[in-house]
Amino acid sequence: MRGATRAKWAVGTVAVALVATACGGGGGGGGGDGKGVLSSSWGDPQNPLEPANTNEVQGGKVLDMIFRGLKRYDPKTGAAEDMLAQKIESKDQQNYTVTIKKGWKFSNGEPVTAQSFVDAWNYGALIDNNQKNAYFFGYIEGYEKVHPESGKASARTLSGLQVKDDRTFTVKLNQKFSTWPQTLGYPAFAPLPRAFFKDHDGWLKKPVGNGPYKVESYTKGSAMKLRKWGGYKGPDKARNGGVDLRVYTDNNTAYTDLQAGNLDLSDDIPAAQLKNAEADLGDRYINQPAGIIQTLTFPMYDPQWGSEKMAKVRQGLSMAIDRKTITRQIFQNTRTPASDWTSPVLKADGGYKSGLCGKACEYKPAEARKLIKEGGGLPGGKVTVTYNADTGSHKDWVDALCNSVNKVLKNDKACVGNPVGTFADYRNQITAKKMKGPFRAGWQMDYPLIQNFLQPMYYTDASSNDGKYSNKEFDKLVDEANAETDRQAAVKKFQDAERVLVKDMPVIPLWYQNGSGGYTDRLSDVRLNQFSVPVYDRIKVGS
Amino acid sequence: MGRYVIRRLLQMIPVFIGSTFLIFFMVYALGDPVAAMFGDRAPDPATAARIREELLLDQPLWKQYLHYMGQIFRGDFGTAFNGQPVTELMGTAFPVTLRLTLVAIVIEIIVGVTLGVLSGLRRGRALDTSVLVFTLVVVSIPTFVSGYVLQFLLGVKWGWVKPTVSTDAYLDELLLPGVVLALVSLAYVTRLTRTSLAENARADYVRTAVAKGLPRRRVVTRHLLRNSLIPVVTFIGTDIGSLMGGAIVTERIFNIHGVGFQLYQGILRQNSPTVVGFVTVLVLVFLFANLVVDLLYAVLDPRIRYA
Amino acid sequence: MPERYVPNEAVTHGDGGTAALAMAEAETLEGGRNGRGGSPRDKPRSLWGDAWRDLRRNPVFLVSALIILFLVVIAIWPQLIADGNPYRADLAKAQEGSAPGHPFGFDTQGRDVYTRTVYGARASITVGICATAGAALLGSALGGLAGFFGGWWDALLSRVADIFFGIPVLLGGLVFLSVVTSKTVWPVVGFIVLLGWPQIARIARGSVVTAKQNDYVQAARALGASSGRLLLRHIAPNAVAPVIVVATIALGTYISLEATLSYLGAGLKPPTVSWGIDISTASTYIRNAPHMLLYPAGALSITVLAFIMLGDAVRDALDPKLR
């Protein structure tokens, strides 16, 4: 079965023999009967796989398979649909009553109750547990007691959470937040079984959840075998027998394995291979929008870049970037030139507005030169674009971006890339406010709301406001938008806030990133969700 | 001899301390790992402070180092950031890399010494020139280039081998990565063998052996080769350590989950327990390899004695 | 050590060998004495003078020296053979093959590969030569001393070398080069020297240990030669051959190492143009645009070839036993 697929690539008897042995160990194919197991590329999760401790895609991939929360973002539309939630009601946008559905179980047999949620959230919020997503619970009353800014926690549980009965609990927020229920699809809000608290080490070795898959074996740093869980209660039961996740450190290697038929699905095709991907894979090449935007952030804390007068230079630089040619030549159209600060996956009614940035995000060499000159020129006549060199083939596009700027400014050395060896070092330089020029930033949404594309990054002192941008007008508009009960009115306010960014240009929007991936012809119905993670449970494994 | 070995073993202690401290210092110099744990988001200060406290990152360097060494002597190499004990990581990674290194060394010895002997005995002839050209081409290509090229040609285009190595890392899967890893050192081994063979071929003891009427085969194997292999053995000995730790690029390209892979991840995440632990073991391996090389010296060259 | 090695020594080297070695030794000693006298008539009889006389007649040496001379000239004045601009990029032409006026085609950024290959010589050759020179000097000095004096010196230097050896190149590179922000070639050179000297030191130590045992050295020592004289006049010329061989090959690997460091983002940084940077960028595009890899890699190979041939010729000329 698998051998037949590979025969296309493989010539010679040696290969056939090797393939045959590989098949023997692979756990069998299956004939589209829902029993076939597929292999998929993975990256070693950075943190232990606790729901409130996982903040990157690779760990999120697993959580998405083994957990279901109150809400789930529809993989196609991105809308937050009820999953375990029977209903989430509120009269005042501050006090919510959550009722969960009957009959759900964890894969170890424990029932999913209101307590499972409350315990999980209390665990996630408590500072003693070092959960990196603790701030997600920051809207719940009592957060500052379990997670003080300094010192020890003065309470063990969130006072805003009350269990009413097995299937009901209430949540009191510390402010009005009309779209709060829609954030509940984030994995940090998943319920946890008692086993998690009783045998924590054991749970980490082999996580137990309530999703369509259960973990069969987990070799840290190397592989995880997930199998379909028969007792799963939800509507989205797995259509395949399971998924074998395999860790790759280099996405070029994963792509090579995919080509050789050694891997069924890769959800990260490196830029260098994009040119071949269509020819190699045909219609098994996925290229679809995802909720990711790439930007160039200015260090607004640096007087050289942050002063009001420099706004013209920042705008000028934005207009010196030939986004169209770069996305075509470097990214083979897996990126789309950005013209606002959100993402097309939000759709127009969700707040995405193409062209909101206007000509400030278009390639206008003459005007760019003029603006930069009017603003007093580049500080010291130079600009360095800092990026981390360890992942994500950033070098190619940074070089291209600089070449574009240099061409406009007619100076070969005006703009240079500045690679930083490791992501860790890169993040440190950012947090320590050591950046001397613009640096790359990528934002992947947590939930498909326009709020998530603006507030965390541009609100004064927000968690991802790396450039330390601050504008009272922007803050005011965001506050107003959050208090708005009508969704459309809220979106309008957010877009007004976005217009402030056009003027200030603290962050240059570069392009919207697509999710890209490829799969072998054993698979069908493969697609990515808005987080560019494959929707594993929908995949069919054929012969 | 016994005293010599004991002295060398004792000398390992300062080296061990020196290199662990150096590595510790280097990882420390890379900076604070906590920020990266939070991804593209600014760390929550309270949680970050607690993690720093638990990892002792708020302590001065020497205190961290002492604490770490104390742990090591209790057999505890610390815990990687993903919650796995480093000893467990070593248990899975070292056997894989050891196999890879063995494959590479065997290739080096078989191919390198053979080519070296052949070209050394036929200096200046066509064979010698072609071996020279071959080693040059090989040495001038960076590992990541030869790795990608061979992987693509053999693994994808012609489909002769599997392009990557499975988690179990069987010996046959390691053949191609072993060749790639061996390539650069292969040139050294070949050239060293050739040079030292050519040099010794004119030595008087060889001339004498020939004059005595010994068969050519015996002269080459017993007298010539034995003496000519000394620099080669030195080189291979020093190479073991660098092969084991230097397989970072090869392991990355072929997705081998060995020492280089773990080190790479550890470095990128600035995870000092992983990096320091692995390098410590690598240093030990290296020290023992050196000791063995020095003892082999004496076996190969009877003129050298250790007291 | 077991005693059986002691009689062996006498057996293997007792017959025949000594006389020839003594002659060679006498020759060297004489050469040394005359060389010190410095009169023009005596010059050709010194070791290095002899070597030079040999080298001038050696076609391998002449060819490689010419290539190196050419490369060095290009490295200093690249505009002699390339009138383009290595930075000019036309992204629309990214990865295209050769075109009129652009014989080597274009790279990912749409820059002319020919011009970049020519301009890349400077950084790559500087790194290669300076790093090799540094590592060879430091390594052979320290290794030679360790091998010659033995004892504490040997132990100390060998152990320090061991410490440096234990550090994985990648870790060292990432740390060292992330701390240094200079965009010149010197941090890279310094790092390679720091990492490369122990290997040379071990080789040097090994060959000094071997050379030290030779009878002509023992003879010179018996004649009352000082340590410095023994080391420089008698041991060094005989121990230098393996060092030169390893160093010439190392030169190639150092240029490659620079490429690997660039591949990891820790090597040379733009706006420096180097073969390493271009090779590392091109290697992932090997399927679409092999020409991007072929030319800088080819230039690198030719450079390495020239240096190894040169090293070989010099080694042959220096070795009194091969004369």
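**Exercises on a predicted model**

Strand 8 and strand 9 of chain A form a hairpin with three residues between them, and A:Gly221 in the turn has a positive phi of about 80°. The model is a predicted one.

**Exercise 1. The strands of chain A**

Determine how strand 8 and strand 9 of chain A pair, and which strand pairs with strand 9 of chain A over five bridges.

Solution.
1. Strand 8 of chain A covers residues 213–219 and strand 9 of chain A covers residues 223–228; the two run antiparallel and are joined by six bridges.
2. A:Thr219 lies opposite A:Ala223 of strand 9 of chain A.
3. Strand 9 of chain A also pairs with strand 10 of chain A (residues 242–247), in the antiparallel sense and over five bridges.
4. In this second pairing, A:Arg227 has A:Gly242 of strand 10 of chain A as its bridge partner.

**Exercise 2. The fold of chain B**

Describe chain B by its secondary structure, its extent, its burial and its contacts.

Solution.
1. Chain B contains 13 helices and zero strands.
2. The C-alpha trace of chain B spans about 85 × 55 × 30 Å along its principal axes.
3. Of the 307 residues in chain B, 55% are buried.
4. Among contacts in chain B with a separation of 6 or more, 73% are between residues 24 or more positions apart.

**Exercise 3. A helix pair in chain B**

Classify the packing of helix 1 of chain B against helix 4 of chain B by angle, and list the residues that make the contact.

Solution.
1. Helix 1 of chain B (residues 2–30) and helix 4 of chain B (residues 61–73) pack with their axes 11 Å apart, at an angle of about 130°.
2. Because angles over 145 degrees count as roughly antiparallel and 65 to 115 as roughly perpendicular, helix 1 of chain B is therefore oblique to helix 4 of chain B.
3. The crossing of helix 1 of chain B and helix 4 of chain B is right-handed.
4. Helix 1 of chain B contributes B:Thr20, B:Phe21, B:Phe24, B:Phe25 and B:Tyr28, while helix 4 of chain B contributes B:Leu61, B:Tyr65, B:Tyr68 and B:Met69.
5. By class, eight residues in the contact of these two helices are nonpolar, one is polar and none is charged.

**Exercise 4. Chain C against chain A**

Characterise the side of chain C that touches chain A by its residue numbers and classes.

Solution.
1. The contact involves 22 residues of chain C and 27 residues of chain A.
2. Helix 7 of chain C (residues 169–179) supplies three residues, the largest share of the side of chain C that touches chain A.
3. This side of chain C has twelve nonpolar, eight polar and two charged residues.

Technical notes. Residues are numbered from 1 along each chain as its sequence is written. Chains are lettered from A and ligands numbered from 1 in the order in which they are written. This is a predicted model: local features need pLDDT of at least 70, side-chain atom pairs count only at pLDDT 80 or more; totals for chains, interfaces and linings use all residues. Two residues are in contact if their C-beta atoms, placed from the backbone, lie within 7 Å. Helices (H or I, at least four residues) and strands (E, at least two) are DSSP runs, numbered from the N terminus. Ala, Val, Leu, Ile, Met, Phe, Trp, Tyr, Cys and Pro count as nonpolar, Asp, Glu, Lys and Arg as charged, and the others, Gly among them, as polar. Two strands pair if DSSP finds at least two bridges between them. A residue is buried if 20 or more other C-beta atoms lie within 10 Å of its own, exposed if 12 or fewer, and partly exposed in between; C-beta atoms are placed from the backbone. Axes are lines fitted to C-alpha atoms, for helices over the stretch in contact, and angles run from 0 to 180 degrees between N-to-C directions. Angles under 35 degrees count as roughly parallel, over 145 as roughly antiparallel, 65 to 115 as roughly perpendicular and the rest as oblique. A crossing is left-handed if the near helix is turned anticlockwise from the far one by less than a right angle, and right-handed if clockwise.
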